[in-house]
Amino acid sequence: MNQEIFADGISAVHVTGNLVRIDLMTLQPHLKSDNGQPVVDVSKRIIMPLEGFVQALATQENIVNQLIEAGVLKKSQEKVFQSEQEQ
């Protein structure tokens, strides 16, 4: 591994044919919007084949389950996480 990318979250996911584009966002706390919220900067994009996206999702779900089993996350936190993703 020769490059690390930091993101506060995912701002959008676009599926076009067999490719999935994931827009990564970072919060810019030193910049404020008109309503006083930190400005979001979409600065990076991950592009991967649909098969790789599905495999990555399965890997992340496995990690969440391991964290629940280890007591790091609670089942209710997983549900909140899932409902945030559905929005």
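Author: Let's begin with a term: a polar contact is a pair of N or O atoms within 3.5 Å. Please keep in mind that this model is predicted.

Reader: Thanks! Which side chain is joined to that of T26 by a polar contact?

Author: That of Q28: a polar contact of 3.0 Å links the two side chains.

Reader: Where is T26 found?

Author: Look at strand 2, residues 19–32, and you will find T26 there.

Reader: Is T26 buried or exposed?

Author: Buried means under 20% relative accessible area. T26 has a value of 12%, so T26 is buried.

Reader: Which residues does T26 touch, leaving out those up to four places away in sequence?

Author: T26 touches F6, A7 and D8, and also V39, V40, D41 and S43.

Reader: Now the strands. How many bridges join strand 1 to strand 2?

Author: Seven, and these two strands run antiparallel, with strand 1 covering residues 9–16. Strands 1 and 2 form a hairpin with two residues between them. In that turn, G17 has a positive phi of about 65°.

Reader: And how many bridges join strand 2 to strand 3?

Author: Eleven, again with an antiparallel run; strand 3 spans residues 38–49. Here L27 has V40 of strand 3 as its bridge partner, and V40 is also among the residues that T26 touches.

Reader: How many residues lie between strand 2 and strand 3 in their hairpin?

Author: Five, and G36 in that turn has a positive phi of about 85°.

Notes. Residues numbered from 1 in each chain as written. Predicted model: local features only at pLDDT ≥ 70, side-chain atom pairs only at ≥ 80, totals over all residues. Heavy atoms only, no water. Helix = DSSP H or I, 4+ residues; strand = E, 2+ residues; numbered from the N terminus. Buried < 20%, exposed > 50% of the residue type's maximum accessible area, 1.4 Å probe, protein only. Polar contact = N/O pair within 3.5 Å; in protein donor to acceptor, adjacent residues only side chain to side chain. Contact = heavy atoms within 4.5 Å. Pairing = 2+ DSSP bridges.
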